[in-house]
Amino acid sequence: MAIGVRRRTLLVGVAATACSRGEASTSSRPRSGEDGGVPSGKAAPPAIASNNVRLLEWNLGPQPWGEGRAVVVVPTWAGTSARLPVLVALHGQGEALKAPADGAMGWPRDYAMVRAIDRLRAPPLRESDYEGFVDAARMAAANASLAAHPFRGIVVVCPWLPDMRSPSTDDIGPYARYIVGTLLPRVRRETPAQSAPESTGIDGVSLGGIAALRIGLTSPAVFGAVGGIQPAIADGRATDWTLLARAALASHPRMTLRLLTSHDDFFHDAIVSVSQAWRAAGIAHEFADVPGPHDYVFNRGPGSLELLMWYDRVLARD
């Protein structure tokens, strides 16, 4: 069955069609699930208290695009002298619609990142850690990897992202300059974060995924690893993203790229198209298509686990 036909059987009605074009107009997305800020699941997010991390809540004051708020997740087990890689993790539209201080808690609290860190520190991972959205082979591979190379830890920077209408335009410029010129310098001053591009990554989910790709690919001197989880890519934009990736790699050939989608992701087909275009253009990247929907429950399972584990492996360490 063709990809487009298969997807049309999963998404019903005008609202679903609008979702597949979310990059062009985020206001057209349905106000439910991950992007609308209303979780489809009823379970409350896990607690964020853990001996494995400390959370720093920062107010960086007024910015050109809004209030600068961020939560920084710092591992506690590495020792006082250790220097760790740093990952900027951008949340989805649901958190963009919240107050900045609350929205910045997207990854640590609402997407269960603290719980994911606890589980990565105490493998083996179980199906319940993925909220049921994992195939046996992928979970077995993750556990084999953790057995051979235990999770070492990264500093995760979780800034509030405003609800940008189109992160593919120059409108994201002021926000990108804030990440690069204001937030990351403070992270490196006040946490054990390393500063080399090869030790710095940026990623995100949905709205945050497309914003992370845009910022990362246009800042190759800053980021050595760039990815997107279920990024809100519009149909028919594979050529644009290929040109961006090619330009980034021309400047930073060692940059590592990743795209991750899920079987029931609103943006599945567009993400697959970008991956196919990158491969045809000789742009090396990791691609994963895993079980799960485009919703909070995915972020709390595969989303946080896949994010943390991948960057723990690919970011360089001193």
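**Notebook: the sheet and its helices**

I began with strand E2 (residues 66-75), which is joined to strand E4 by four bridges, the two strands running antiparallel. I note here that the model is a predicted one.

Strand E3 (residues 86-90) pairs with E4 in the parallel sense, over three bridges. Here I recorded Val86, whose bridge partner in E4 is Val155. I remind myself that strands of a sheet pair through backbone hydrogen bonds, either parallel or antiparallel.

Is E4 itself buried or exposed? I found that five of the five residues of E4 (residues 155-159) are buried, so the strand is largely enclosed by the rest of the structure. In a regular strand the side chains alternate between the two faces of the sheet. I therefore listed E4 by side: Val155, Val157 and Pro159 lie on one side, Val156 and Cys158 on the other, and all are buried.

Next I traced the whole sheet. It is open, has eight strands in the order E1-E2-E4-E3-E5-E6-E7-E8, and shows mixed pairing. I identified strand E1 (53-63) and strand E8 (286-293) as the edge strands, each of which pairs on one side only. From one strand to the next, the twist averages 20°.

Ser262 stands opposite Val290 in E8. I also noted that helix H10 packs on the sheet, where it touches E3, strand E5 (200-204), strand E6 (225-229) and E7. The direction of H10 makes about 160° with that of E6.

I checked the burial of H10 (residues 207-217) and found the helix mostly covered, with 11 of its 11 residues buried. Among them are Leu207, Ile210, Leu213, Arg214 and Leu217.

How do H7 and H13 lie relative to each other? Helix H7 (residues 113-121) and helix H13 (residues 296-314) pack at about 60°, their axes 9 Å apart, and are therefore oblique to each other. The crossing of H7 past H13 is right-handed. From H7, I listed Met113, Arg115, Ala116, Ile117 and Leu120, which meet Arg300, Ser304, Leu305, Leu307, Leu308 and Met309 in H13. By class, I recorded eight nonpolar, one polar and two charged residues in this contact.

Conventions: Residues are numbered from 1 along each chain as its sequence is written. This is a predicted model: local features need pLDDT of at least 70, side-chain atom pairs count only at pLDDT 80 or more; totals for chains, interfaces and linings use all residues. Side-chain values use heavy atoms; hydrogens and water are left out. Buried means under 20% relative accessible area, exposed over 50%, partly exposed in between (1.4 Å probe, protein chains only). Axes are lines fitted to C-alpha atoms, for helices over the stretch in contact, and angles run from 0 to 180 degrees between N-to-C directions. Angles under 35 degrees count as roughly parallel, over 145 as roughly antiparallel, 65 to 115 as roughly perpendicular and the rest as oblique. A crossing is left-handed if the near helix is turned anticlockwise from the far one by less than a right angle, and right-handed if clockwise. Contact means heavy atoms within 4.5 Å. Ala, Val, Leu, Ile, Met, Phe, Trp, Tyr, Cys and Pro count as nonpolar, Asp, Glu, Lys and Arg as charged, and the others, Gly among them, as polar. Two strands pair if DSSP finds at least two bridges between them.
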